[in-house]
Amino acid sequence: MALTARLWRFLPLAHGTVRKPWLLTGVAGSWGRCCTWRLRGSEVMGNLGAFKRSLLFSALSYLGFEAYQVFSQAAVVHAIAKVFRVEEILEQADYLYESGETEKLYQLLTQYKESEDAELLWRLARASRDIAQLSGTSEEEKKLLVYEALEYAKRALEKNERSFAAHKWYAICISDVGDYEGIKAKIANAYIIKEHFEKAIELNPKDATSIHLMGIWCYTFAEMPWYQRRIAKMLFATPPSSTYEEALGYFHRAEQVDPNFYSKNLLLLGKTYLKLHNKKLAAFWLMKAKDYPAHTEEDKQIQTEAAQLLTGFSDQK
């Protein structure tokens, strides 16, 4: 209303008054005589109509600009609120993950499975995979969850190719899916898996988990059974390969970046030293794995495996 009132004041004949024809007086150039031009009524009304149209156009433009500013401000406020909301969800998710609340974490994140946020999506991929690995999960449910996790990880990577975690979890999920797609697919996927682990390390050299996973990749192909090696050679000109020494290098590097970050890294250090016939160092790392505080079901499984390997040492004595 205030805007309308301000514009109305500038409109000719706004207050119902009839003005006399305008007299325009000017100096007649080099002759030095004063001249008067009297405009006819049709000329006045013609100019007045154009003037009104011009003002109306200006008014609409102004109103449009005002509306644009209002909507833009609202959009900014909405975007900021959305960012804060996502950050709040991520904080809650990380707290549940650190607390080992696997099922609660999955329930929280599945509410936002249609999200476009890469950080939320890779966490959902991780949560889906963690649920799949629970002992109470049936084989049928596990398979569904594994493929579900891959889809979330893929979407996370599509949303942000610069996210090291998206690369990491995409590689992990591809590896899991390989268990259901046969040896040929598993070997073919190995190249993709390695590529994404290496990219994750490149984007974040301080992420111990990505380094650890490259160690697992090396360990897996170092201990590949002979029949799988033969199949790999038949299917691929240069099949993937690695050594226990290379795997050991990655496991130690991960430990240097973040000491005692993961019970499985301790276990695999012990197992790799066993493969290299160094029982003294194998026992050292297996003991650390056995004594690692169990926060998750996986930690408990690793404690059991480490204890069994150490018992095997005693039996040999």
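The model is predicted, so local features are reported only at pLDDT of at least 70 and side-chain atom pairs only at pLDDT 80 or more, while totals for chains, interfaces and linings use all residues. Residues are numbered from 1 along each chain as its sequence is written, and side-chain values use heavy atoms, with hydrogens and water left out.

A search of the whole structure returned 6 aromatic pairs. One of them joins Trp-217 and Phe-221 in a tilted arrangement, with 4.7 Å between centres and 45° between planes. Here, rings of Phe, Tyr and Trp (its six-membered ring) pair if their centres lie within 6.5 Å; planes under 30 degrees apart are stacked, over 60 edge-to-face, and the rest tilted. Both residues belong to helix 8 (residues 208–222), 4 residues apart, or about one turn of the helix. Helices are DSSP runs (H or I, at least four residues), numbered from the N terminus. Trp-217 is buried at 8% relative accessible area, and Phe-221 is buried at 7%; buried means under 20% (1.4 Å probe, protein chains only). Phe-261 and Tyr-262 form another tilted pair, 6.0 Å centre to centre with 50° between the planes.

Asp-117 caps its N-terminal end, placing a side-chain oxygen 3.0 Å from the backbone nitrogen of Glu-119.

Note on methods:
Helices (H or I, at least four residues) and strands (E, at least two) are DSSP runs, numbered from the N terminus. Buried means under 20% relative accessible area, exposed over 50%, partly exposed in between (1.4 Å probe, protein chains only). A polar contact is a pair of N or O atoms within 3.5 Å; within protein, one must be able to donate a hydrogen and the other to accept it, and residues adjacent in sequence count only if both atoms are side-chain atoms.
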